[in-house]
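This briefing is for a reader who has not seen the structure before. Please look over the sequence and the model below, then read the notes grouped by topic.

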Protein chains: 2
Amino acid sequence: MVAELISVGTELLLGNIVNTNACFLSRKCAELGYTLYHESTVGDNEARLCEAINTALTRADVIILTGGLGPTSDDITKEAVAKVLNRQLVMDEESRRKIEEYFKFRYHNNPKHTVSENNWKQALKIEGCIVVNNNNGTAPGYIVEHNSRIIILLPGPPSEMVPMFEESIMPYLQKKQNKVIHSAMVKICGIGESRAETDIMDLIEGQTNPTIAPYAKSGEVHFSITASADNEEEAKKLITPVVDELVKRFGNNIYAIGEEESLESVLVKLLKQYRLTLATAESCTGGLLAGRLVNVSGVSEVFGEGFITYSNEAKIKYLNVKEETLKQYGAVSSQTASEMVAGAAKAASVNAALAITGIAGPDGGTEQKPVGLVYIAGYLNGSVTVNEYHLKGNRQNIRELSVIYAMDLLRRMILAQYE
Amino acid sequence: MVAELISVGTELLLGNIVNTNACFLSRKCAELGYTLYHESTVGDNEARLCEAINTALTRADVIILTGGLGPTSDDITKEAVAKVLNRQLVMDEESRRKIEEYFKFRYHNNPKHTVSENNWKQALKIEGCIVVNNNNGTAPGYIVEHNSRIIILLPGPPSEMVPMFEESIMPYLQKKQNKVIHSAMVKICGIGESRAETDIMDLIEGQTNPTIAPYAKSGEVHFSITASADNEEEAKKLITPVVDELVKRFGNNIYAIGEEESLESVLVKLLKQYRLTLATAESCTGGLLAGRLVNVSGVSEVFGEGFITYSNEAKIKYLNVKEETLKQYGAVSSQTASEMVAGAAKAASVNAALAITGIAGPDGGTEQKPVGLVYIAGYLNGSVTVNEYHLKGNRQNIRELSVIYAMDLLRRMILAQYE
């Protein structure tokens, strides 16, 4: 079945808010096995909205509209759908009663907050539709079954739309589907997108069910493998051999199989598994590596402290980097990175450590040491590995990539020592 | 002039990424005085993309496409535009040379990383187009002037698209307008969006030229004041009294006037101005505050070191927090925050410091100390201020807000002592 999304709201076209609804609903459609070919945004304009609905009716089985269900005169989604389908708007007594109750509850009968005339507009429903309860606001949702099409109207605020979709729309749409869809995500670090894709071009070109889709993230490549079958077990059976083949081809470059795993959560898991404790020493990334690790809830078991040693003095004071090393090789050098990581491990009394020193730019580059030159050092049980990187991008990109490659370096060192 | 956006990418239709490009470009179009009626997303499918381009050509003067310029076989935006406009794809020698250089620079002639065949696809251009330089990746952008229409092709990754738009597309589009559009951005921290908007509702309701548009960011509110006039001087004349009025109403809550200023750049500027040096001590934010400060190029003048003291032991060891303080009041307390900040200032021998300790969740909250409770302490020339915050959102939101409020606290302390 084909679905189509229409987001309604001039605020979206002005760039006042990011359209997270479209992302959420796209994902849900994929999970439900609905195919999405088009997604569009129109402003609060009846003619253009009607046109968008009419176009969607020619190419989709399910049309999901978000926004434009509020009480103001700008809110015209219900009116436009009724017009296109040639149906009447009629008063829904149940909705009317709920709006009354909502105002009573929310404003404690404060006379300043009576139900204003335009609030009653929200009690109007499209003739013959299913009214969907809104537990987080006054605008109900609506499902209209019209010839072989389904039109779903949802409120715009994500805090109302998301729970309404999960509570009511998801189960409704699930019932309409015969097939079960199942996905696996294979996450890779250390190879570029085009190289990764070339390596499995034969699989991608031969794909039908399951499908293989690559997603490039900063410093990473993810492959999503999706199968459609009569039941979950069948779908998984289709996916497993493809995942196995990717594991065979990419080996340790794969850091996780699973949507919910991140590079930091995998690293923290490995540290926990082998009872390792970690310290960080950061120069050009200035705390971003530690900040990202700390994003893993429960990281305190393996991570207690980190050093931000932006100045040479701090590198000497906290990490015991030798003054002559800094003089002879500079702060951005393999030698300094190596002393930083060993010093951090010693100062924090840990068996694993990471150190980053580099030139993130835009200033500070020279011919010998250009912007983007980064040294990352890993320490594990006494042994040190230092890698040199030449990273491209702005200051922010260079720092983000450094953080990713640092986590990946220690991950690989742990695998090499323990597995 | 009417603009239209087309985002290209199956990953958007699968909900794998949020379309922040559409929001950014919508905003830029509004700033440039282009009207946006439609914005749509299509997958990596030639027929549907061609249809979307054809539809846009019937109703827009400027069509901006993002995504689908990469090296893989999925990337078909250039091919689709060429097909619709009936133009050829030809090799652009300059692009070819740049891709070669990029690989040489990035991989240091490492034979493992040669340019793969599909990378050359990125050197093809649409016959007769303007090639737009990409300083942050391998895919150039393109501007095609076709009959009275302008078609602009931009790479999908925001880290490449945003700088390319600002450096090259913005000036190009500005020249195509008869009117000069000028904007000022007033950035506020410390008041919520609805309160800020209420405070200037009379100005917003009376607006025509200039217009006032609020943009809510995490922890901040920005007002963009935009005027259209025959020349820049006239436009500025229209904007100045509005900016003055906002300054009168919001006072020190305004941290910057200007698009390019960030809270961290303003704070670093103040530190430099008053010859202050800064240290940071972070618990729940685990380095994010320092990481954000270090995003300011040239921060080394005022920031040399920071402490990530996630564990109690580290708080004692590096910041000299008293063991009985931790026992009596807990790690998340006004007392601990106060000792952390004073300890950091002393250890690093600086005259300004910031400390953050809090419960970012999702676990670790209690009835007395719920998730979202954060203490932020500021130190300036011997005096300490500690603020208690009750922040809403997930772990990531709570940590981001903590970083913003910490920077804002020190900014206000400096203004109070020096201005």
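An open sheet of 10 strands has the order 17(A)-16(A)-15(A)-13(A)-14(A)-14(B)-13(B)-15(B)-16(B)-17(B), with mixed pairing. Its edges are strand 17 (383-390) of chain A and strand 17 (383-390) of chain B, each with a single partner strand, so one side of each has no neighbour in the sheet. From one strand to the next, the twist averages 10°.

The model is predicted: local features need pLDDT of at least 70 and side-chain atom pairs count only at pLDDT 80 or more, while totals for chains, interfaces and linings use all residues. Residues are numbered from 1 along each chain as its sequence is written, and chains are lettered from A and ligands numbered from 1 in the order in which they are written.

Helices (H or I, at least four residues) and strands (E, at least two) are DSSP runs numbered from the N terminus. Two strands pair if DSSP finds at least two bridges between them.

**Inside and on the sheet**

- Strand 13 (residues 278-282) of chain A pairs with strand 15 (residues 352-358) of chain A in the parallel sense, over five bridges.
- Leu278(A) stands opposite Ala352(A) in strand 15 of chain A.
- Helix 12 (residues 312-319) of chain A lies across strand 13 and strand 14 (303-309) of chain A together with strand 14 (303-309) of chain B, and runs at about 145° to strand 14 of chain A.
- Helix 12 (residues 312-319) of chain B packs on the sheet, where it touches strand 14 of chain A together with strand 13 (278-282) and strand 14 of chain B, and its direction makes about 145° with that of strand 14 of chain B.
- Angles run from 0 to 180 degrees between N-to-C directions, and axes are lines fitted to C-alpha atoms, for helices over the stretch in contact.

**Where the chains meet**

- The contact takes 61 residues from chain A and 65 residues from chain B, two residues being in contact if their C-beta atoms, placed from the backbone, lie within 7 Å.
- The side of chain B that touches chain A has 26 nonpolar, 30 polar and nine charged residues.
- In these classes, Ala, Val, Leu, Ile, Met, Phe, Trp, Tyr, Cys and Pro count as nonpolar, Asp, Glu, Lys and Arg as charged, and the others, Gly among them, as polar.
- Strand 2 (residues 35-42) of chain A and strand 2 (residues 35-42) of chain B run antiparallel and are joined by five bridges.
- Val42(A) stands opposite His38(B) in strand 2 of chain B.

**Strands 6 to 8 of chain B**

- Strand 6 (residues 130-132) and strand 7 (residues 141-146) of chain B run antiparallel, with three bridges between them.
- Strand 7 of chain B also runs antiparallel to strand 8 (residues 149-154) of chain B, with five bridges.
- Ile143(B) stands opposite Ile130(B) and has Ile152(B) as its bridge partner in strand 8 of chain B.
- The hairpin of strands 7 and 8 of chain B has two residues between the strands, and Asn147(B) takes a positive phi near 50° there.

**A helix pair in chain B**

- The axes of helix 10 (residues 263-273) and helix 15 (residues 395-418) of chain B come within 10 Å and cross at roughly 30°.
- Residues that meet here include Leu267(B) and Leu270(B) in helix 10 of chain B, and Met407(B) and Ile414(B) in helix 15 of chain B.
- By class, this contact has eight nonpolar, no polar and three charged residues.

**Chain A overall**

- Chain A has 15 helices and 17 strands.
- The C-alpha atoms of chain A fill a box of roughly 85 × 60 × 40 Å, taken along the principal axes.
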